[in-house]
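Please load the model and follow along.

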Amino acid sequence: MNSDHVARWEEILRSRYWDELLALAGSDTDMRSLYVKFSDLEKCDPEFARELLETPEKMLGAARAALLQIDLPTDTHLDRIQVRITELPSHFRIGQLNSAHIDKLIAIEGRVIRADKARSKRISSAVFLCLRCGNVSLQDLTRVDRADPDVKCSNPECGRRGPFRPLINNSGYVTSQKIRLQEFLEDIKEGVLLRELNVELEDDLVGRTSPGDTVIVNGVLKFYPRKSQASKCTDFNLFFKGIFVENMGVGV
């Protein structure tokens, strides 16, 4: 993880979202999201905002790490808070999506045709503190031990193999939900099947939509291989990892 990105996130969050951070830290409800306007990032640092669009998973990981480094006046931590980016500059319809959008931060529009029940899902990554140098980094939990990951510290001045201490999500689980979006009738030609896209939602985004709702979802377009039995070629299915949902209502 780039320490410069972590430091820049911390600077932006302190200067523009301090009141929101205090409200989240002092809340006794299930508030777990910090909503950051993309336009604010563009005003602060256009290049930083562009990097967020191009490499969102890396940049949002840096945002999570920055939250853990912010000292609050109260004895609380922001370990469960997720940074959610709102008001993205461009929206796409499902039929417009292609390989150029994979791994990018985009907004999609569609109509919910299915919403699965919420379930518990084991998290695949967590933030760890290096006990040697104090560096905070995001580690992949699918390949390392949670208590003492066998990886090097991302701080170039340290670079040692821990020891590390996990800083977030002690349970190791998060609530998740899958919904399915369908493109709008007005977007297709007569005789063409409506295209659909599966969307994965987590934490406090779960339960915000129902079948029939029109939504705008900000997130990252991903893919997984689909092997064809008829040939040795591998096809790919697209899915969407949502980080923010705007419900426009039924039939909008």
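What follows looks at a pair of helices, then at one helix on its own, and then at the cores.

Please keep in mind that this is a predicted model. Helix α1 (residues 3-16) packs against helix α2 (residues 18-26) at an angle of about 85°, and their axes lie 5 Å apart. Angles of 65 to 115 degrees count as roughly perpendicular, so α1 is roughly perpendicular to α2. On the α1 side, the meeting residues are L13, R14 and R16, while α2 brings W18, E20 and L21. This contact of α1 with α2 holds 3 nonpolar, no polar and 3 charged residues.

Next comes helix α5 (residues 56-69). Among the buried residues of α5 are P56, M59, R64 and L67.

| Core | Size | Some members |
|---|---|---|
| Largest nonpolar core | 35 residues | W9, L13, L34, L52, L67, V83 and I85 |
| Another core | 17 residues | I94, V112, F240 and V245 |

The residues listed for the largest core are those with the most contacts inside it. Elements giving two or more residues to this core include α1, α2, β1 (33-37) and β2 (82-86). Which element gives the most to this core? That is α5, with 7 residues. Leaving aside residues up to four places away in sequence, L67 touches L13, L21, L34, L78, I81 and V83.

Methods: Residues are numbered from 1 along each chain as its sequence is written. This is a predicted model: local features need pLDDT of at least 70, side-chain atom pairs count only at pLDDT 80 or more; totals for chains, interfaces and linings use all residues. Side-chain values use heavy atoms; hydrogens and water are left out. Axes are lines fitted to C-alpha atoms, for helices over the stretch in contact, and angles run from 0 to 180 degrees between N-to-C directions. Helices (H or I, at least four residues) and strands (E, at least two) are DSSP runs, numbered from the N terminus. Angles under 35 degrees count as roughly parallel, over 145 as roughly antiparallel, 65 to 115 as roughly perpendicular and the rest as oblique. Contact means heavy atoms within 4.5 Å. Ala, Val, Leu, Ile, Met, Phe, Trp, Tyr, Cys and Pro count as nonpolar, Asp, Glu, Lys and Arg as charged, and the others, Gly among them, as polar. Buried means under 20% relative accessible area, exposed over 50%, partly exposed in between (1.4 Å probe, protein chains only). A nonpolar core is a set of buried Ala, Val, Leu, Ile, Met, Phe, Trp, Tyr and Cys residues joined through side-chain atoms within 4.5 Å.
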